[in-house]
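Have the coordinates open in a viewer as you read.

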Protein chains: 2
Amino acid sequence: MLDGKNIIGYNRTQRGKVTFKTINPILNRENETVFYEASKEEVEEAVKLAHHAAPFYAESGREVRAAFLRGIASEISALGDDLIGLYCSESGLPEGRAKGERARTIGQLELYAGLVEDGSYVQPSIDTAKPDRKPNPKVDLRKMMVPIGPVVVFGASNFPLAYSSAGGDTASALAAGCPVIVKGHPMHAGTGNMVSSAIAKAARNLNLPEGVFSHLNSKGHEVGEALVKHPQVKAVGFTGSHGGGRALFNIAASRKEPIPVFAEMGSVNPVILLPEILKKEKEKWAGTIAGSVTLGSGQFCTNPGILMGIKNQNLDLFSDLLSQEILKVVPSSMLHPDIADKFNKGKEQARLQKGTEVIAEHTQPVEANVGRPTILKVKASEFRENSKLHQEVFGPFSLLVECRDIEELERSVALIEGQLTASVIGTPEEMEGYDFLLRQLKDRVGRLIFNGVPTGVEVCASMHHGGPYPATTDSRFTAVGEDAINRWLRPVCFQNCPDSLLPPALQNANPLNLLRRLDGRLSHDKV
Amino acid sequence: MLDGKNIIGYNRTQRGKVTFKTINPILNRENETVFYEASKEEVEEAVKLAHHAAPFYAESGREVRAAFLRGIASEISALGDDLIGLYCSESGLPEGRAKGERARTIGQLELYAGLVEDGSYVQPSIDTAKPDRKPNPKVDLRKMMVPIGPVVVFGASNFPLAYSSAGGDTASALAAGCPVIVKGHPMHAGTGNMVSSAIAKAARNLNLPEGVFSHLNSKGHEVGEALVKHPQVKAVGFTGSHGGGRALFNIAASRKEPIPVFAEMGSVNPVILLPEILKKEKEKWAGTIAGSVTLGSGQFCTNPGILMGIKNQNLDLFSDLLSQEILKVVPSSMLHPDIADKFNKGKEQARLQKGTEVIAEHTQPVEANVGRPTILKVKASEFRENSKLHQEVFGPFSLLVECRDIEELERSVALIEGQLTASVIGTPEEMEGYDFLLRQLKDRVGRLIFNGVPTGVEVCASMHHGGPYPATTDSRFTAVGEDAINRWLRPVCFQNCPDSLLPPALQNANPLNLLRRLDGRLSHDKV
């Protein structure tokens with residue numbers, strides 16, 4: 001249902017005075033629905049419901065939670081083409097992308113449902129008593145992960161489905177047993193509204209405690225700030241800009257009770273082109289990189305914003321080929337006039353920096369909000385001295401950094417801040433000779449890619465979508481894949497607890513048949 | 001070696017101008033050795049060495065790191081009675097405690113050595129490629145934990161061995177592969193000096209990169225602040241007061257690159273006495289609780305600072321018995337005149353709060369710095385309205401909160417902040433009837449203890465020594481047991497990496513024979 005209201009537990013409310021509309025960036029005009037920004041009272045109500053729902057939802061069985069996640073997936077499927085149409089009208093993204101992202105969203109919900117059913121994510125650990133130990137008897141200790149409490153999720157501008165209302169943060173937090181309050185992204189408030197209706201319906205179908213999920217509209221910063229400041233909120237998930245993520249981190253850190261914020265704040269994802277491979281595979285990599293830079297109008301946190309290579313004839317030829325490939329791409333709409341505007345300003349700022357030169361840029365007229373793919377180049381010596389060139393320009397943009405030699409390449413890599421990814425393009429033989437470079441890259445990233453581009457984030461257990469600051473605010477956690485659930489869990493230990501009072505995961509009989517660490521050994525054994 | 005100098009890598013330096021001495025609290029006079037507070041340059045030097053050592057130490061094999069940890073243990077043992085004598089002269093704690101703590105320290109070092117040798121703490125995870133998958137091929141992804149970088153450890157006043165220079169934080173960080181810089185606690189600077197010499201010797205014996213360990217003296221806050229602010233420091237471990245831990249957390253959170261701080265800041269560790277058990281086991285629990293309150297002069301973060309029960313004849317009788325037991329305890333020296341002073345002031349402040357009444361207090365004359373065990377009582381109605389009574393008085397002190405009925409007990413528990421532990425003393429039958437109370441307690445603690453006191457923290461895999469704020473600054477991690485290593489690790493993912501360039505833990509042949517998550521299933525298989 002698309003009505004522009006806030007979804008607070010099982011109620012739909014519009015008590016605030018501020019309203020807003022979304023924009024169709026392709027038509028460059030407002031969409032029709034009026035959205036009501038949540039009032040202070042509505043924020044309070046959503047948190048209160050989540051707080052009261054928390055202990056009951058935490059103790060709902062794994063079947064219930066898995067059914068909830070699968071129920072959300074099936075309610076989203078049931079929205080059919082209405083959702084796809086709305087998604088496209090609010091994002092300017094093509095239908096294929098909308099359907100792909102819906103499939104990913106559903107896939108993520110099912111992934112976490114499976115994880116919950118399997119149950120081992122609670123990491124049960126049992127050390128049995130040794131009453132005869134000298135000098136002191138050993139007590140019985142049993143530990144498992146429990147949900148951290150109500151989680152606030154910020155919808156991401158560039159993933160209206162997969163990192164918003166029912167996206168990875170929400171799915172992993174609901175799987176963990178935490179109620180979720182989504183602060184919807186204003187650019188796709190309708191998509192959020194419709195998906196959140198589906199979530200509320202799935203919750204209602206299972207008679208879950210009211211408040212296990214709420215969705216609040218907001219245009220400005222107030223709703224998000226009020227949520228992160230609220231004493232009953234216990235953790236935050238965010239995907240977006242560095243400015244936004246850091247602001248939330250600062251608010252959370254200055255609370256009376258600080259809470260964890262997992263903010264994934266994007267990255268320039270350097271791609272290092274080694275010399276030998278450019279002798280043979282210039283065409284291939286020019287095409288692949290052009291595709292990665294321009295995919296989704298460059299609006300991915302894994303967009304490759306910096307390319308680095310050693311200046312020679314092959315790099316020049318690669319640069320020419322890249323230019324040709326970039327000019328072949330049909331420029332496409334960006335998500336929103338504000339994003340298009342910021343892209344143009346960021347590009348312009350980069351172009352004004354000393355020593356930069358345009359390799360490729362579309363110059364023909366385009367519709368409003370279309371992002372013209374652009375590649376600049378700069379000498380490494382200029383790059384190293386100018387930290388403005390190290391910053392992300394969100395959109396179809398990349399900067400080719402030309403290094404004199406391997407030594408200058410290494411020195412340039414050493415200046416790069418924390419990243420989600422880095423890629424190394426090289427022959428297997430030459431890579432063997434660059435172990436210092438590889439180690440330097442590894443120390444700066446969450447994911448090190450060999451002969452591949454950073455776009456395309458596989459959702460699986462071995463994925464790490466995170467990285468040292470400023471890529472994220474906590475390098476110890478991932479936003480994608482099974483392990484993302486760990487952000488919303490904390491351990492609790494039971495000492496000498498009567499069996500009947502233990503959670504099932506820790507009971508002697510192992511009624512959930514979990515793989516447990518039992519006196520230091522993994523097993524399915526009963527105690 | 002005891003020379004009062006800073007230990008910076010393999011050098012011993014004294015370039016600072018500020019000096020200080022430790023105090024023998026039993027004799028109430030200064031010990032002889034003069035300690036030199038680290039200068040800014042010495043801080044810089046220690047961090048620089050740690051930063052340069054980090055990549056090499058990170059890639060030292062598991063045999064090397066295990067040998068280092070065992071080497072430290074054996075060098076500490078070799079210090080023999082000199083260490084024990086020095087420990088006692090700086091802490092006022094008895095020889096038995098010194099020897100017990102040394103044994104625990106050595107046990108922890110050996111525990112982490114075993115963990116490193118086993119190797120599975122790196123949590124290897126492999127998802128193999130599916131080149132034929134439609135619509136997109138699946139890449140090969142392999143993930144493992146790597147060290148986070150140089151760690152700063154703050155020595156704890158109340159654990160000169162087990163939570164200081166070679167204590168749990170240091171041992172777990174060195175095991176993880178992180179260089180460690182210890183900011184020694186000024187109250188036991190000599191013990192730190194001697195133990196750190198042993199660590200440096202163990203490092204030298206193995207030719208480890210210089211800077212893998214340093215130990216800096218400090219009297220004031222400057223050295224600690226400079227360390228936590230330093231851009232090349234990547235994480236912090238702290239055990240101590242709420243004021244100290246929160247100050248470090250704030251500094252770390254306001255850095256350009258925020259870093260994780262694991263601060264364990266103590267707790268009042270409430271003990272709930274249910275009515276039925278007090279009918280039968282008053283004497284037993286009066287004795288046990290008196291022992292726990294006064295153990296080590298009450299200077300443990302797990303000291304039970306609040307007792308709660310339902311006011312009736314049995315609780316009154318228990319209170320009388322507890323008073324008798326407390327008065328039987330011979331009061332002992334506190335760690336330092338400052339701690340004794342703070343204890344007396346805290347006790348006095350509690351006594352001045354409305355409605356408090358003394359149940360037990362030693363009144364006979366004592367030597368300087370001796371802490372007189374004290375128990376107060378107060379009605380729950382007064383307790384609930386006065387947050388000053390919820391705060392820790394560090395030392396042999398506890399407050400008995402008398403509730404009218406179970407409903408008031410539950411309402412009082414609901415006001416308690418995050419705790420390391422809570423204990424419930426009751427018959428198995430009556431506990432079954434208090435599931436709401438148990439759930440409330442579980443939501444507030446890291447460890448829930450049944451029919452036991454909180455002192456005595458077992459070092460094992462299932463221990464959780466942590467808890468919601470203000471017990472710690474990050475409830476997701478523990479300071480004790482195997483899992484404490486996770487504080488110093490972050491994941492890195494390798495995408496399509498040639499086998500020869502992968503770390504051994506992720507190579508196809510599984511040369512370390514680790515248990516790995518391979519396409520979602522735990523196994524020792526080769527790929």
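How many residues of domain 1 of chain A are in contact with domain 2 of chain A? Keep in mind that this is a predicted model. In it, 15 residues of domain 1 of chain A touch 15 residues of domain 2 of chain A.

## Two domains in chain A

On the domain 1 side of chain A, Pro25(A), Asn158(A) and Met187(A) supply 36% of the area buried against domain 2, more than any other three residues. As for salt bridges between domain 1 and domain 2 of chain A, the count is zero.

## How the copies relate

Chain A can be superposed on chain B with an RMSD of 0.0 Å, using a turn of 180° and a shift of 0.0 Å along the axis. The two copies are therefore related as by a two-fold rotation axis. Both copies use the same surface, too: 100% of the contact residues of chain A turn up again in chain B.

Next up is an open sheet of twelve strands with mixed pairing, in the order β25(A)-β24(A)-β7(A)-β8(A)-β23(A)-β22(B)-β21(B)-β14(B)-β15(B)-β20(B)-β19(B)-β17(B). Why is one side of β25 (521–523) of chain A and of β17 (357–361) of chain B left without a neighbour in the sheet? Because these two strands stand at the edges, each has a single partner strand. From one strand to the next, the twist averages 20°.

Now zoom in on one pair. In chain B, β19 (residues 374–379) and β20 (residues 397–403) run parallel and are joined by six bridges. Leu376(B), for instance, has Leu399(B) in β20(B) as its bridge partner.

## Helices against the sheet

In chain B, helix α14 (residues 406–413) packs on the sheet, where α14 touches β14, β15 and β20 of chain B. Its direction makes about 155° with that of β15(B).

Helix α11 (residues 313–328) of chain B lies across β14 (271–273), β15 (306–310), β17, β19 and β20 of chain B. Relative to β17(B), helix α11 of chain B runs at about 40°.

Technical notes: Residues numbered from 1 in each chain as written. Chains lettered and ligands numbered in written order. Predicted model: local features only at pLDDT ≥ 70, side-chain atom pairs only at ≥ 80, totals over all residues. Heavy atoms only, no water. Pairing = 2+ DSSP bridges. Helix = DSSP H or I, 4+ residues; strand = E, 2+ residues; numbered from the N terminus. Axes fitted to C-alpha atoms, helices over the stretch in contact; angles between N-to-C directions. Contact = heavy atoms within 4.5 Å. Least-squares fit on C-alpha atoms with pLDDT ≥ 70 in both. Buried area = accessible area lost by both parts, 1.4 Å probe. Salt bridge = Lys/Arg side-chain N within 4 Å of Asp/Glu carboxyl O.
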